[in-house]
Amino acid sequence: MEEYRKYILDRFQDHLQQNFKNYCDRHGIDQSSQQLVTFLIDQDLMSLAHVQRYTILNEFEKLHPGQTYHKSHAVNTLANRFSLSERTVWNILKYLKHRR
């Protein structure tokens, strides 16, 4: 079973690299990590919801672990910074806490 997963992952990576190269050539852009993220979103391989969750979590970890802010203050700060409701930020943090 593991062999099949490895094989499909290898094939996925081959297709991804080739299609990303073609994408960059077609648009006349350099292959960079920033362009790769744009490509992944354009190809529906990464959703904006994933980008949002990842960003909120990392920003929260910058604000909260140093205890510079109380948790609720950090949530409020992020909600304002990213034009989200506090409830949305709390839900993202709750969702990610359960996934770890």
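In what order do the elements of the chain run from the N terminus on? They run α-α-α-α-α, and the chain holds five helices and zero strands, where helices (H or I, at least four residues) and strands (E, at least two) are DSSP runs numbered from the N terminus. The model is a predicted one, in which local features need pLDDT of at least 70 and side-chain atom pairs count only at pLDDT 80 or more, while totals for chains, interfaces and linings use all residues. Residues are numbered from 1 along each chain as its sequence is written, and side-chain values use heavy atoms, with hydrogens and water left out.

## Overall dimensions

The C-alpha trace of the chain spans about 45 × 40 × 25 Å along its principal axes. Its radius of gyration is 18 Å, whereas a compact globule of 100 residues would have a value near 13 Å; the radius is taken over C-alpha atoms, and the globule rule is 2.2 Å times the number of residues to the power 0.38. Of the 100 residues, 22% count as buried, a term that means under 20% relative accessible area, with exposed set at over 50% and partly exposed in between (1.4 Å probe, protein chains only). Among the contacts with a separation of 6 or more, 29% come from residues 24 or more positions apart, contact meaning heavy atoms within 4.5 Å.

Helix α1 has 26 residues and reaches 37 Å from its first C-alpha to its last, close to the 38 Å expected at 1.5 Å a residue; the expected span is 1.5 Å times one less than the number of residues. Leu16, Phe20, Tyr23 and Cys24 are buried in this helix, and the buried residues of α1 pack against α2. Just after α1, Gly28 takes a positive phi of about 65°.

The structure holds two aromatic pairs, a pair being rings of Phe, Tyr and Trp (its six-membered ring) whose centres lie within 6.5 Å, with planes under 30 degrees apart counted as stacked, over 60 as edge-to-face and the rest as tilted. Phe20 and Phe39 form a tilted pair, at 5.4 Å centre to centre and with 55° between the planes. Because Phe20 lies in helix α1 (residues 2-27) and Phe39 in helix α2 (residues 33-42), this pair ties together parts that are 19 residues apart in sequence. Both Phe20 and Phe39 are buried, and ring pairs link Phe20, Tyr23 and Phe39 into a cluster.

## Salt bridges

Side chains of opposite charge can pair when their charged atoms come close. A salt bridge is here a side-chain nitrogen of Lys or Arg within 4 Å of a carboxyl oxygen of Asp or Glu, and by this rule the count comes to six.

| Pair | N to O distance | Helix |
|---|---|---|
| Arg5 and Glu2 | 3.4 Å | α1 |
| Asp14 and Arg11 | 3.1 Å | α1 |
| Lys62 and Glu59 | 4.0 Å | α3 |

Arg5 and Glu2 lie three residues apart, about one turn of the helix, and Asp14 and Arg11 are likewise three residues apart, separated by about one helical turn. Arg5 is exposed, with a relative accessible area of 51%, and Glu2 counts as exposed at 58%. By contrast, Asp14 is partly exposed at 38%, and Arg11 counts as partly exposed at 32%.

Most residues other than glycine have a negative phi, and most peptide bonds are trans. Asp44, in the loop between α2 and α3 (48-63), has a phi near 60°, a positive value in a residue other than glycine, and counts as exposed at 69% relative accessibility. Ser83, in the loop between α4 and α5 (86-99), has a positive phi of about 55° although it is not a glycine, and at 66% relative accessibility Ser83 counts as exposed.

Thr77 lies in helix α4 (residues 71-81) and is buried, with a relative accessible area of 16%. The side chain of Thr77 reaches the backbone oxygen of His73 at 2.9 Å, which falls under the rule for a polar contact (a pair of N or O atoms within 3.5 Å; within protein, one must be able to donate a hydrogen and the other to accept it, and residues adjacent in sequence count only if both atoms are side-chain atoms).
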